[in-house]
Amino acid sequence: MKYLTALTSILAFGNVAAFAPSSASRHASTQLYNKPAGHDVRSDGVAKEMDPEELKIQTALAEHQQNAPKLGFPTDVRTLVQYNHGFAVMSTISKSNPGFPGGSVVGFAPDELGRPIFIFSGMSSHTQDLLADPKCSLTIASKEFKGAADGRVNLMGEVTLLKQDEKEAAKAAYLAKHPGAFWVDFGDFNWFRMDEIVSVRFVGGFARAGSVTPEEYAEAKPDPVSAFGPAIASHMNDDHMSSTIAMVAHAIPGLEVSEAVITSVDSLGMYVKCTRTPRASDQPQQFKIRLPFPRKIEDRKDVKNVIVEMTRAAAASAAPEPAAATED
């Protein structure tokens, strides 16, 4: 498993570490303009010493995030594919424009092994492309995707026609994801599946990217709590953001954020997109942190109980200590 996780003080509240390409690339060069890989950051060339308190906060945050329990990349990827809204961008090798990729937004549903199932019209350009060359890629964004801080997966493989005895199972899986797909019974529509997945790439947000082997992907199971996680996140964001802000401050003492939006909830914790203006700065910055649960969650009721516990613990730690009694 190749993980390219970056824990550089959790983006150093804004500085994103670049992911350099492997030196073992099959291509002669992927370098642009004879510059080393990386992100240009405007600077006046003068190194600025960080405020000691700010350094303390960033160090505490980095240590907290490094030790926070996470699902792991294979489960993250499999979960994202399972609970996606059922649409993705398919890139095929164009039959009508040789040498160019063809892009289409397509509906799909994963089977029990996470293999995407499709039903395509025989007239669609991507159908013709696949019949000529089955190689393609599928880019799937998380259901709550709004920008670069949110997760996405790219599957590369070969998409081929299903056999007759596989079509009923494929139809059931597809209708479970797309109950209004009346076209599944049209005579000129055909069932396809990405049977041979050869590459799985994952971006979980800023400074969290890597790849999973096809075998790891096939063996992974979707996280069950993530199925109803968006409803919990939406409720917390709409009605209880102050509680989330307090939980962040309790988890990382000294870290004061002005906004804390829960982007996903799973059996081990939550990902929270925070907004904060660092010390000695007037520019707000956004970053995502992992807020772990004190124990593994098994069901919806348990999520509610744990969040209530975390909220009460945060409130208790923020409460001022009672004044010491004095004698008259």
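**Strands, helices and a cavity**

Reply: In this predicted model, Met270 stands opposite Leu291 of strand E12.

Me: How many bridges join E11 to E12?
Reply: Strand E11 covers residues 269-276, and strand E12 covers residues 285-292. The two strands run antiparallel. Met270 and Leu291 stand opposite each other in this pairing. The number of bridges that join E11 to E12 is eight.

Me: Which strands are the edge strands of the open sheet?
Reply: The open sheet is formed by three strands with antiparallel pairing, in the order E10-E11-E12. From one strand to the next, the twist averages 25°. An edge strand pairs on one side only, and this description applies to E10 and E12.

Me: At about what angle to E12 does helix H2 run?
Reply: Helix H2 comprises residues 52-67. This helix lies across E11 and E12. Its angle to E12 is about 45°.

Me: Which strands does helix H8 touch where it packs on the sheet?
Reply: Helix H8 consists of residues 241-251. Its direction makes about 90° with that of E10. The strands touched by H8 are E10, E11 and E12.

Me: Is H7 roughly parallel or roughly perpendicular to H8?
Reply: The axes of H7 and H8 are 5 Å apart, and the helices pack at an angle of about 100°. Angles of 65 to 115 degrees count as roughly perpendicular. Therefore the relation of H7 to H8 is roughly perpendicular.

Me: By class, what residues make up the contact of H7 with H8?
Reply: From H7, the contact takes Met236, Asn237 and Asp239. From H8 come Met241, Ser243, Thr244 and Met247. By class, the residues are three nonpolar, three polar and one charged.

Me: In E8, what is the bridge partner of Ile119?
Reply: Strand E5 spans residues 116-121. E5 runs antiparallel to E8, and five bridges join them. The bridge partner of Ile119 in E8 is Trp191.

Me: Over how many bridges do E7 and E8 pair?
Reply: Strand E7 runs over residues 152-161 and pairs with E8 in the antiparallel sense. Within E8, Arg193 is the bridge partner of Thr160. The number of bridges between E7 and E8 is ten.

Me: In E9, which residue is the bridge partner of Val203?
Reply: Strand E9, residues 208-212, pairs with E8 in the antiparallel sense. This pairing extends over five bridges. The partner of Val203 in E9 is Ala209.

Me: Which element gives the most to the lining of the largest cavity?
Reply: The count comes to one cavity of 30 Å³ or more, and about 400 Å³ of space lies in the largest cavity. There are 23 lining residues, and the closest to the cavity centre are Thr79, Leu80, Ser142, Glu144 and Ser264. Two or more lining residues come from each of helix H3 (73-83), strand E8 (189-205), helix H7 (229-239) and strand E10 (259-265). With four residues, the element that gives the most is H3.

Me: By class, how many residues in the lining of the largest cavity are charged?
Reply: The lining has seven nonpolar residues. Its polar residues number nine. The count of charged residues is seven.

Key: Residues are numbered from 1 along each chain as its sequence is written. This is a predicted model: local features need pLDDT of at least 70, side-chain atom pairs count only at pLDDT 80 or more; totals for chains, interfaces and linings use all residues. Side-chain values use heavy atoms; hydrogens and water are left out. On a 1 Å grid over the protein atoms alone, a cavity is a set of points where a 1.4 Å probe fits but cannot get out, and a pocket is an open set with protein on both sides within 12 Å along at least five of seven lines; lining residues have an atom within 4 Å of a point. Grid points are joined across faces, edges and corners, and a volume is the space filled by probe spheres set on the points. Ala, Val, Leu, Ile, Met, Phe, Trp, Tyr, Cys and Pro count as nonpolar, Asp, Glu, Lys and Arg as charged, and the others, Gly among them, as polar. Two strands pair if DSSP finds at least two bridges between them. Axes are lines fitted to C-alpha atoms, for helices over the stretch in contact, and angles run from 0 to 180 degrees between N-to-C directions. Contact means heavy atoms within 4.5 Å. Angles under 35 degrees count as roughly parallel, over 145 as roughly antiparallel, 65 to 115 as roughly perpendicular and the rest as oblique.
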